[in-house]
Amino acid sequence: MGKNSEIHAGGCLCGNIRYTVTGAPVVVAHCHCKDCQRASGAGHTTGAMFATAQFEITGNLAEYSLKSNAGNQVTKVFCPICGSPIYGRNDGMEKFVTVSLGTLDDSSRFEPEVAIFAYNKKAWDIMSDTLPTFLAQPAWSPENTR
Ligand SMILES: [Zn+2]
Ligand SMILES: [Zn+2]
C-alpha cells in the first residue's frame, strides 16, 4: 500500500465538521444503489473505506440510520447545518467507515477501484468501461483484500 502515514483532511461545506484519515483506503468504490442516489442527489456516491482507527472527526454531527437490503444497519453521518454527507457506518463491518470521497480537501490522487449495485445505474450517469463493475455487492470483505 505505501504511504501508510499520509494524512488527508476533509470537512463539510460550512466548516462545522472537520476530519482526517490516515494512510491508504481499503477500497474506493462507486455505489449506484437507490439509497446512495437519494442521500447524494447524484447518480452514485464515491466512498473511500478506511479502518475506524484511521479516522478522526470533530464538529456537530447528525445521523440517520436505515436497514440495508442485506439486513445490516447503515448509519449515514452528515452535517446538521449544511447537509454535507460525510461518512457512513455499517454494523456488518464495525471496524470500518466509508468516507464520502468528495468531502476531502484534496481527493485528486485517489482512484476508484470498483463500481457496485450497477443494476440501478442510470443511463445519464456515464461511467468508465474499464472499471470493474458489479450488478450488486460482490462477495468481498476488507479482511481478505491485499
Ligand atoms: Zn456543514
Ligand atoms: Zn449505495
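Among contacts between residues at least 6 apart in sequence, 52% join residues at least 24 apart. Two residues are in contact if their C-beta atoms, placed from the backbone, lie within 7 Å. Because the model is predicted, local features need pLDDT of at least 70 and side-chain atom pairs count only at pLDDT 80 or more, while totals for chains, interfaces and linings use all residues. Residues are numbered from 1 along each chain as its sequence is written, and chains are lettered from A and ligands numbered from 1 in the order in which they are written.

The chain has 1 helix and 10 strands. Helices (H or I, at least four residues) and strands (E, at least two) are DSSP runs, numbered from the N terminus. Along the sequence the pattern is β-β-β-α-β-β-β-β-β-β-β. The C-alpha atoms fill a box of roughly 35 × 35 × 30 Å, taken along the principal axes. For 146 residues, a compact globule would have a radius of gyration near 15 Å; the chain has 15 Å, which agrees. This radius is taken over C-alpha atoms, and the globule rule is 2.2 Å times the number of residues to the power 0.38. Of the 146 residues, 28% count as buried. A residue is buried if 20 or more other C-beta atoms lie within 10 Å of its own, exposed if 12 or fewer, and partly exposed in between; C-beta atoms are placed from the backbone.

An open sheet of 7 strands runs in the order β6-β7-β8-β9-β4-β3-β10, with mixed pairing. Two strands pair if DSSP finds at least two bridges between them. The edges are held by β6 (62-67) and β10 (114-116). Each has a single partner strand, so one side of each is left without a neighbour in the sheet. The twist averages 30° from one strand to the next. Axes here are lines fitted to C-alpha atoms, for helices over the stretch in contact, and angles run from 0 to 180 degrees between N-to-C directions.

Within this sheet, β7 and β8 pair in the antiparallel sense over 5 bridges. Val74 stands opposite Asn90 in β8. Next, β8 and β9 form a hairpin with 5 residues between them. Their pairing is antiparallel, over 2 bridges. Tyr87 has Val99 in β9 as its bridge partner. On the β4 side, β4 and β9 pair in the antiparallel sense over 5 bridges, and Ala51 stands opposite Phe96 in β9.

Strand β9 is largely enclosed by the rest of the structure, because 5 of its 5 residues are buried. Both faces are covered. Phe96, Thr98 and Ser100 lie on one side, Val97 and Val99 on the other, and all are buried.

The largest nonpolar core has 16 residues. A nonpolar core is a set of buried Ala, Val, Leu, Ile, Met, Phe, Trp, Tyr and Cys residues joined through C-beta atoms within 7 Å. Phe50, Ile86 and Val99 touch the most other members. The elements that give two or more residues to this core are β2, β4 (45-51), β7 (73-78), β8 (85-90) and β9 (96-100). Apart from this core lies another, of 7 residues, among them Cys31, Cys36, Ala115 and Ile116. Leaving aside neighbours within four places in sequence, Phe50 is in contact with Val21, Pro25, Val26, Phe55, Phe96, Val97 and Val99.

Strand β2 (residues 18-22) contains Arg18. In a regular strand the side chains alternate between the two faces of the sheet. Along β2, Tyr19 and Val21 point to one face and are buried. Strand β1 (residues 7-11) pairs with β2 in the antiparallel sense over 5 bridges, and Gly10 stands opposite Tyr19. The two strands form a hairpin with 6 residues between them. Gly15 in the turn has a positive phi of about 95°. Strand β5 (residues 55-58) also pairs with β2 in the antiparallel sense, over 4 bridges.

Arg18 stands opposite Thr58 in β5. With 15 other C-beta atoms within 10 Å, Arg18 is partly exposed. Beyond neighbours within four places in sequence, Arg18 is in contact with Ala9, Gly11, Thr58 and Gly59. Arg18 and Glu56 are 38 residues apart in sequence and 8.6 Å apart in space, C-alpha to C-alpha.
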